[in-house]
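Me: I am new to this structure and would like to learn how to read it. Can we go through it feature by feature?

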Amino acid sequence: MKRKLLISILALVPFISMGQVNDSIKALPKYGNDSIACVTNLSLYREAFKQWKDSKFPAGGFDQYYHYWKWVYDNGPKASLNTYVDGVTIMANYAKNAATAEEAEAYIDTIMQIYDKRAMYMGKKGYVLGRKGLDYMKYRPKELKNIYDILDESVALEKNSSSDAVLDALFKTSIQLYQEGLEEKSVIIDNYDRISEIIEYNVKNNTKDKDKYLNLREGIETNFEPYASCENLIPIYEKKFNETPEDIDLLKKISYMLDKKGCTSDKLFEKVSIQYHKLNPSPESAFMLGKLMLKNEDYDKAIEYLLESLNMEDDAKKYTACTILAHCYQQKNNFPEARNYALKAASFDPSKGEPYMLIGQLYAMSNNTCNDPKLPGAVFWVAVDMFEKAKQVDSSVASEANALIRDYSRYFPTMDKIFFNSLQEGETYTVGCWINRTTKIRAAK
């Protein structure tokens, strides 16, 4: 019976090309040219299939009903999605119980043809290719290139709708292809980047399957780790950058990957970031460049880019940009502008103490230039005021602020100096120079 059945399958299941979609398929009635026969055979095979399934698919348990399924498959290809889903199950059972390896391979061939025909008549080609690729991986694990090509096309079509199983299989196959010497290392890096974007989309937007994609992200990161070094990434991305320096998508990808993997100290990151901003300027790209130039201690360039970035909508990023600007101006000894941007930073996030800590340091650093010879140490009054303000708004800086308050309070004017200038503790006093701030008189202790 099994040998006859195999011959029947091979004779009646033609190879279906994925590209044969044409007007005749669209015009074909749902139940084919003989709708009564199609509905009858569909009903008969489905009932038998359900019973076979309930019995846990015993070998040979569907043989006498197979011809009903085969009739629908041949004559009513648009009748029901079940025809294809069940067909894969039927052929998988026959392959499992095949008498010879040759016979099993024939059934596996038929499974692949069923997927092709399903895509042709039922649509959703990307999804179907994903299922086909997973089965190809299951039945023919050594055919890495075929597996990869099928999964690769599936993901290209499905994009953010790609399942976690398909994405996982594609990445693992990429690694195997490289390990077998069939692909360059870049296939791993490119697919890591591509798959990571899809994972992040689903983590943010796919509430139902979020946990699946979170688990997938963990697995992908673990598998990618041996290939994630800057030593591996830089040569591959440098070659791509030199070949297509005006490919905005590529520039964005390289910049993201190098930043994510901590490779921002390499010159390539700077070149890519500058080129990306040149071709596609935005406050966000200017922000990234500003941070990069600060790291390189190029304060003029950092200021130039960070001023561009202040049009960002995100207050948290504007806070960071203003804080960096304040530090840049501090390095250039432009204390008034440093204070200006520290105060702007505070306006974007009033809960942060860092801006006031910086202003306090600016005041303290001005002791020599803004010192009143008659009342040396007066600038430390306003410096301590800022440290007090910092810990009031942000308890996380309290320890550092208290230490600075103790240190600088020792340099307040002495009681003798205060008395000599006809002043008293508790009175108001205005520190001049660029600081121009009123404070309370206190004696050193």
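**Reading the model step by step**

Reply: Start with one residue. N334 sits in the loop between α17 (315-331) and α18 (335-348). Helices (H or I, at least four residues) and strands (E, at least two) are DSSP runs, numbered from the N terminus. This is a predicted model, where local features need pLDDT of at least 70 and side-chain atom pairs count only at pLDDT 80 or more, while totals for chains, interfaces and linings use all residues. Residues are numbered from 1 along each chain as its sequence is written, and side-chain values use heavy atoms, with hydrogens and water left out.

Me: Is N334 buried, exposed or partly exposed?

Reply: Buried means under 20% relative accessible area, exposed over 50%, and partly exposed in between (1.4 Å probe, protein chains only). N334 has 28%, so it is partly exposed.

Me: Which residue has its backbone nitrogen 3.3 Å from a polar atom of the N334 side chain?

Reply: That residue is E337. As for distance along the model, N334 and D116 are 218 residues apart in sequence and 70 Å apart in space, C-alpha to C-alpha.

Me: What is phi of N333?

Reply: Phi of N333 is near 60°, a positive value in a residue other than glycine. N333 also lies in the loop between α17 and α18. With a relative accessible area of 60%, N333 is exposed.

Me: Where does F57 lie?

Reply: F57 is in the loop between α3 (35-54) and α4. Its phi is near 55°, again a positive value in a residue other than glycine. F57 counts as partly exposed, at 27% relative accessibility.

Me: What does T264 contact, apart from neighbours within four places in sequence?

Reply: Contact means heavy atoms within 4.5 Å. On that basis T264 is in contact with L258, D259, F269, L292 and K295. T264 belongs to the loop between α13 (248-260) and α14 (267-279). At 14% relative accessibility, T264 counts as buried.

Me: Which side chain makes a polar contact of 3.0 Å with that of T264?

Reply: A polar contact is a pair of N or O atoms within 3.5 Å; within protein, one must be able to donate a hydrogen and the other to accept it, and residues adjacent in sequence count only if both atoms are side-chain atoms. Here the partner of T264 is K295.

Me: How far apart are A79 and G32 in sequence and in space?

Reply: They are 47 residues apart in sequence and 7.5 Å apart in space, C-alpha to C-alpha. A79 is found in the loop between α4 (66-75) and α5 (82-96). A79 is buried, with a relative accessible area of 7%. Not counting residues up to four places away in sequence, A79 touches K30, Y31, C38 and V72.

Me: Now the whole chain. How many helices and strands are there?

Reply: The protein chain has 22 helices and two strands. Its radius of gyration is 35 Å, well over the 22 Å that the globule rule gives for 445 residues, so the chain is more spread out than a compact globule. The radius is taken over C-alpha atoms, and the rule is 2.2 Å times the number of residues to the power 0.38. Along the principal axes, the C-alpha atoms fill a box of roughly 120 × 45 × 40 Å.

Me: What share of the 445 residues is buried?

Reply: Buried residues make up 44%. Among contacts between residues at least 6 apart in sequence, 62% join residues at least 24 apart.
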